[in-house]
Amino acid sequence: MADKTRKSRTEIANKDAAKPENQDVKLTNQGQKASLEDHTTGNAGETHQNAGGTHPPMTAQTGAIISDDENSLRAGRRGPTLLEDHLLIEKIQHFDHERIPERIVHARGFGAHGYFKLATPLKGISRAAIFNEVGVEVPVFVRFSTVAGNEGSTDMARDVRGFAVKFYTKEGNWDLVGNNIPVFFIQDAIKFPDLVHAVKQEPDRGFPQAASAHDSFWDFASLMPEATHMLMWAMSDRAIPRSLRMIEGFGVHTYRLINEEGKATFVKFHWRPKLGMQSVVWDEALKISGADPDFHRRDLWNAIAEGNFPEWEFCVQLFDEDFANKFDFDVLDATKLIPEEILPLKVVGTMVLNRNVDNFFAETEQSAFCVRNIVPGVDFSNDPLLQGRIFSYLDTQITRLGGPNFNQIPVNAPKCPVMHMQRDGHMQMSLQKGRVNYSPSSLQADSPRPDPTKGLVSYAEPMQGSKMKIRSETFADHFSQAYQFFYSQTETEQNHIISAFIFELSKVETKAVRERMVGQLANVDSKIATRVAAGLGMQGAIEPQPTTVKVRTDLKPSPALSILGKAKKTFEGRKVGCLIADGSDAGVVQSLRSAAKKANADFAVVAPKVGGAVGGDGKVIEADMQLAGAASVLFDAVYVAVSDQGAKTLAKEAAAVGWVHDAFAHCKVIGATAGAKPLLDAAGVVADAGVVVGGDANAFLSTAANGRIWDREPKVKTTY
Ligand code: HDE
């Protein structure tokens with residue numbers, strides 16, 4: 001080994017000798033020969049060197065070619081490392097500074113590139129090019145996120161999902177920084193730091209991570225009646241989506257669109273996923289967090305890598321002041337929504353995500369969304385939450401990205417000309433030429449000037465009133481839409497909301513907080529409060545919290561608020577897990593694989609050993625995943641493709657029994673060969689419409705396309 005390595009080093013030296021610019025390398029190699037020889041049995045193997053000449057040379061930051069990246073420069077063979085080893089120092093110093101502060105909220109996120117294409121122009125409503133140029137592909141960068149967890153937390157926490165879109169329009173970047181829930185916890189930006197402090201890990205102990213199920217969150221929430229509507233959403237299945245490709249998105253606030261004449265129209269923005277919405281159940285979410293904390297990012301990455309590009313319709317709700325004034329609530333209050341049944345969505349275009357990032361840090365981590373980034377034709381409203389956001393995002397990027405030039409980072413850089421008099425600052429990348437760095441000026445003919453016709457103009461809204469710290473009385477009803485949301489859900493979804501409240505409040509150690517929250521729910525509906533109280537084992541009468549505005553129970557249910565009510569009957573974009581063992585029928589596996597492909601779904605073979613199993617025909621059936629690392633929570637429907645003998649063997653294997661049991665308990669469609677019976681029995685599977693034994697692959701998949709078997713849930717669940 002020693003000789004071989006020595007030879008390869010000599011070869012490198014000879015090869016490099018041919019190139020005069022590499023003279024130093026040759027000398028360095030020769031100069032270090034003695035010490036290198038001592039290490040040839042160690043880590044300096046020839047594969048690390050550029051022996052074949054196929055790899056470009058490794059260099060220092062400043063371009064000098066590096067000869068040895070395995071050993072630091074030492075005084076003597078076993079002596080101390082020299083401060084002179086500037087290459088060692090450069091490498092370690094850069095490493096020491098690799099991290100930047102993570103986002104205070106939405107720290108865990110995942111981004112992808114794509115485009116938006118307008119189909120229906122908003123002529124006369126907005127003068128923005130993006131709303132007028134039909135068919136043009138406007139590049140976008142989208143970052144999805146959870147809110148509370150830190151960067152390394154699980155994807156599957158019960159949480160709101162961020163849905164931030166950066167449109168690189170020809171008139172500048174427009175950032176629509178939204179969520180997958182159309183309302184928010186608070187009405188005024190001044191409460192945001194409190195909300196975030198309360199939901200993140202508690203400051204003394206530093207836990208819990210990525211979870212609202214703890215005392216400080218519910219203490220705050222129970223004292224903030226304005227949060228009640230959002231709490232209903234956060235406890236619903238919207239907060240545990242199956243895939244980022246299957247979430248809706250909302251701008252949340254009321255914004256304005258401005259036309260050529262300066263006329264304003266109020267607007268609410270919506271994203272609707274082409275694959276339909278789908279969520280997981282809570283027990284499943286808990287287990288996914290263990291089985292694959294990267295569940296959502298892996299799913300999005302794989303889908304895009306395989307060419308299954310996720311798509312969303314971009315929709316608007318447009319209305320004017322007169323329409324807004326008809327509601328009891330205020331359209332400037334971010335804890336309220338306008339039901340689609342009252343104001344239908346107008347689809348304006350489609351967004352497609354078709355490219356994964358090349359580098360997570362450079363793009364996703366350094367992406368800087370700013371609510372203030374609007375284009376002419378789009379404007380803010382006076383929503384007091386939105387007003388605070390206009391400031392916060394720019395401010396936060398300056399700390400996070402280290403200075404005021406973060407818009408020059410490629411992922412943030414506009415794809416249109418940028419010309420202004422802002423100069424210098426940390427990490428200035430642009431070579432700003434000329435003498436003129438001020439305005440007005442007369443020395444340079446091409447210096448930029450404002451353009452009152454094409455430029456951003458705020459809507460000329462008449463203003464009056466006294467300066468005061470006050471919340472308008474139009475923001476006072478905190479319960480009516482919470483009631484409306486709950487009763488717009490299917491019974492299954494209502495049960496899930498109740499269960500989620502019980503789960504979360506059961507983690508709250510302070511009894512008074514639990515009781516206060518139930519008292520707040522009593523303001524929405526005594527039946528909801530009673531069910532939660534029962535689930536908590538609370539004794540005695542429920543005390544409603546004091547309130548000034550009583551709930552309205554006459555608001556019509558809005559079916560659009562339900563996930564299950566408008567679920568798409570499709571298996572597209574979902575995933576089948578197929579369990580095999582020795583003796584399985586390769587034909588069954590193959591026909592399932594083909595049927596899944598035809599349905600545009602994913603398919604994975606799961607076996608006790610990753611190398612696969614020996615099929616009934618004596619040939620190996622290859623596996624994609626090993627049973628211990630492929631819990632059935634990772635799939636939307638499962639198929640147990642085992643022989644009678646295989647089923648008897650797996651019935652003694654807890655992982656296999658758990659695999660089938662969980663699929664059943666999570667109301668999934670289970671397909672099985674006739675021989676699978678011993679395993680199904682061991683897992684407690686009881687025949688129902690979702691247990692398809694012996695049927696062909698297509699029958700199994702068309703049953704699975706109808707969604708989960710919710711009728712089964714009361715039989716397997718007891719907590720509500
Ligand atoms: Fe954010 N929010 N937020 N937020 N938010 C941030 O900006 C803030 C709010 C949302 O993928 C921060 O760049 C304030 C509502 C998303 O990079 C910060 C208020 C909605 C993202 C910030 C709100 C959001 C953020 C942290 C109350 C839904 C992730 C890092 C006034 C409409 C963007 C950053 C990304 C991120 C402030 C409320 C969505 C601190 C002050 C309401 C999707 O600036």
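Trainee: Which helix does Tyr-393 lie in?

Mentor: Tyr-393 belongs to helix α12, residues 384-401. Keep in mind that this is a predicted model.

Trainee: What makes Tyr-393 a donor to the iron atom of the ligand?

Mentor: A donor is an N, O or S atom within 2.8 Å of the metal. The OH of Tyr-393 is 1.8 Å from the iron atom, and it is the single donor from the protein. Water is not among the atoms, so the site may look incomplete.

Trainee: Which residues come nearest to the ligand?

Mentor: There are 24 residues around the ligand, and the nearest are Arg-103, Arg-143, Ser-392, Tyr-393 and Gln-397.

Trainee: Which element supplies the largest share of the shell around the ligand?

Mentor: Helix α12 does, with six residues. Strands β3 (161-169) and β4 (172-179) each supply at least two. By class, the shell holds 12 nonpolar, nine polar and three charged residues.

Trainee: Why is Cys-315 called buried?

Mentor: Buried means under 20% relative accessible area. Cys-315 has 0%, so it counts as buried. Cys-667 is buried too, because its value is 0%.

Trainee: What makes the span of helix α14 agree with its number of residues?

Mentor: Helix α14 (residues 491-506) has 16 residues, and at 1.5 Å a residue it should span 22 Å. Its end C-alpha atoms are 22 Å apart, so the two values agree.

Trainee: Why is α14 described as largely enclosed by the rest of the structure?

Mentor: Because 13 of its 16 residues are buried.

Trainee: How many of the residues of the protein chain count as buried?

Mentor: Of the 720 residues, 50% do. The chain has 22 helices and 18 strands, and its C-alpha atoms fill a box of roughly 90 × 90 × 55 Å along the principal axes.

Definitions and conventions. Residues numbered from 1 in each chain as written. Predicted model: local features only at pLDDT ≥ 70, side-chain atom pairs only at ≥ 80, totals over all residues. Heavy atoms only, no water. Donors = N, O, S within 2.8 Å, 3.2 Å for Na, K, Ca; no water. Helix = DSSP H or I, 4+ residues; strand = E, 2+ residues; numbered from the N terminus. Buried < 20%, exposed > 50% of the residue type's maximum accessible area, 1.4 Å probe, protein only. Near = heavy atom within 4 Å. Nonpolar A, V, L, I, M, F, W, Y, C, P; charged D, E, K, R; others polar. Expected span 1.5 Å × (residues − 1).
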